[in-house]
Amino acid sequence: MLRLDCLRAVYPELEGCLVVTIMGATAAELHSLGHRANFFYLQHAMGLASSTGLGLALSLPDQKIVVFDGDGSLLMNLGSLSTMARYRPKNLVHVVFDNESLLSVGGFPTATSTGTDLEGIARAAGIPKVLTVRTVEDFKTAMKNAFHATQLTTIVAKVEATGPAGYVTDLSLVENRFQFRRHIQSLKRS
Amino acid sequence: MPVSLTSSKVIFDALKQCDVRLLSALPETWLVHLIRMADDDPETILVRLAKEEEGVGISAGAHFAGVKSAMLMQNHGFLASINGIVSFAHLYKIPLLMFVTYRGSFGERDPWQTQGGNVTEALLRALGIPYSFLDSIENVEKRIRQAQTLAESSLQPVALLLTRDLMWEE
């Protein structure tokens with residue numbers, strides 16, 4: 001399963017959400033499908049995409065928030081699972097693309113390649129709904145269910161360790177940040 | 001426990017005056033009253049963290065959402081947050097209002113706090129983070145408001161060091 005195919009499969013449904021991605025391939029691939037004002041790409045600070053999603057979810061309880069996390073990023077901030085589980089916002093969908101690799105820095109294997117089970121860790125942390133998917137169809141179904149769920153969901157999507165040729169987009173980091181905030185403020189006014 | 005209830009209340013009231021609606025916190029002795037006040041206040045969203053760096057992401061999310069937030073941490077928690085501060089708050093121009101207890105400074109009896117006290121201000125200066133002190137009950141509200149104003153106008157982290165003179169009574 002390719003991450004890009006997963007993103008493509010749910011891209012239309014992302015329109016009504018606020019989306020936070022990790023850096024590297026995930027950001028570049030989502031951007032390649034067509035940037036929208038409701039996408040925020042956290043191009044560093046590994047581990048904090050889920051925390052950002054939690055801050056958004058707690059601040060905007062009526063808004064659906066989607067985080068596209070990765071195994072390398074989540075392993076840097078496993079405590080975030082326990083913090084998310086503690087507050088378990090119903091409006092947060094936490095996706096972990098697990099390619100068992102730190103792809104963007106050269107493909108070094110992460111601990112999920114040697115048996116660390118992020119689904120098990122998320123469940124044991126107390127995330128109310130956790131599942132692993134291995135096909136695009138299952139991913140699409142899991143996302144659809146999570147969008148309509150009334151509980152915090154973590155979806156571990158096992159994907160191949162491949163990505164785009166480059167990671168730099170034509171969207172400056174600061175422009176993305178201001179556009180994203182302005183978009184949210186416009187939602188609040190309407 | 002000689003943590004000042006009076007000073008904690010003045011700080012908490014000032015946060016409310018400044019319309020801070022979300023507080024992230026990791027417990028430390030000097031913060032116990034403040035965290036309890038946040039927990040007891042139905043208008044305040046309290047996020048208890050596993051590690052202080054999470055608070056950078058949470059405050060960024062709140063900022064995007066238009067919600068004013070603050071972070072409560074020990075200076076060692078500030079040390080543990082530095083990558084988040086640099087590669088998120090500084091990189092993306094995110095205002096952070098950081099309340100940092102200044103452990104390991106003059107009067108510190110706990111040996112394990114002393115090394116962090118030595119480097120706190122040097123690191124704040126190295127990171128270019130404007131900082132000031134909360135050291136007397138008279139100036140708490142004004143200084144918190146000024147710190148928040150600067151964080152929001154400059155779109156960057158600003159730190160207030162909570163000192164022993166304010167937080168400890170004995």
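Trainee: Which elements do the buried residues of α2(A) pack against?

Mentor: They pack against α1 (3-10), β1 (18-21), β2, β3 (65-70) and β4 of chain A. This is a predicted model, in which local features need pLDDT of at least 70, side-chain atom pairs count only at pLDDT 80 or more, and totals for chains, interfaces and linings use all residues. Residues are numbered from 1 along each chain as its sequence is written, while chains are lettered from A and ligands numbered from 1 in the order in which they are written.

Trainee: Why is helix α2 of chain A called largely enclosed by the rest of the structure?

Mentor: A residue is buried if 20 or more other C-beta atoms lie within 10 Å of its own, exposed if 12 or fewer, and partly exposed in between, with C-beta atoms placed from the backbone. Seven of the eight residues of α2(A) (residues 25-32) are buried, so the helix is largely enclosed. The buried ones are A:Ala25, A:Thr26, A:Ala27, A:Ala28, A:Glu29, A:Leu30 and A:His31. After the helix comes A:Gly34, with a positive phi near 125°.

Trainee: What makes the phi of A:Arg88 worth a remark?

Mentor: Its phi is near 30°, a positive value in a residue other than glycine. Most residues other than glycine have a negative phi. A:Arg88 sits in the loop between α5 and β4 (92-98) of chain A. In chain B, B:Leu155 also has a positive phi, about 55°, although it is not a glycine. B:Leu155 is in the loop between α7 (140-154) and β6 (157-162) of chain B.

Trainee: How do you know whether A:Arg88 is buried or partly exposed?

Mentor: A:Arg88 has 16 other C-beta atoms within 10 Å, so it is partly exposed. B:Leu155, with 18 C-beta neighbours inside 10 Å, is therefore partly exposed. A:Thr116 has 15 such neighbours inside 10 Å, so it too counts as partly exposed. A:Thr116 lies in the loop between β6 (108-109) and α6 (118-125) of chain A.

Trainee: Why are β7(A) and β8(A) said to pair?

Mentor: Two strands pair if DSSP finds at least two bridges between them. Five bridges join β7 (residues 129-133) to β8 (residues 153-158) of chain A, and the two run parallel. A:Leu131 stands opposite A:Ile155 in β8(A), and A:Val133 has A:Ala157 of β8(A) as its bridge partner.

Trainee: What makes β2 and β7 of chain A edge strands?

Mentor: The sheet is open, with six strands in the order β2-β1-β3-β4-β8-β7 (chain A) and parallel pairing. β2 (39-41) and β7 each pair on one side only, and they are the edge strands.

Trainee: Why is chain B called as compact as a globular protein of its length?

Mentor: Chain B comes to eight helices and six strands. The radius of gyration is taken over C-alpha atoms, and the globule rule is 2.2 Å times the number of residues to the power 0.38. Chain B has 14 Å, close to the 15 Å that the rule gives for 170 residues, so it is as compact as a globular protein of that length. Of the 170 residues, 48% count as buried.

Trainee: How many residues of chain A are in contact with chain B?

Mentor: Two residues are in contact if their C-beta atoms, placed from the backbone, lie within 7 Å. By that test, 28 residues of chain A are in contact with 26 residues of chain B. α3(A) gives the largest share of that side of chain A, nine residues.

Terms used. Helices (H or I, at least four residues) and strands (E, at least two) are DSSP runs, numbered from the N terminus.
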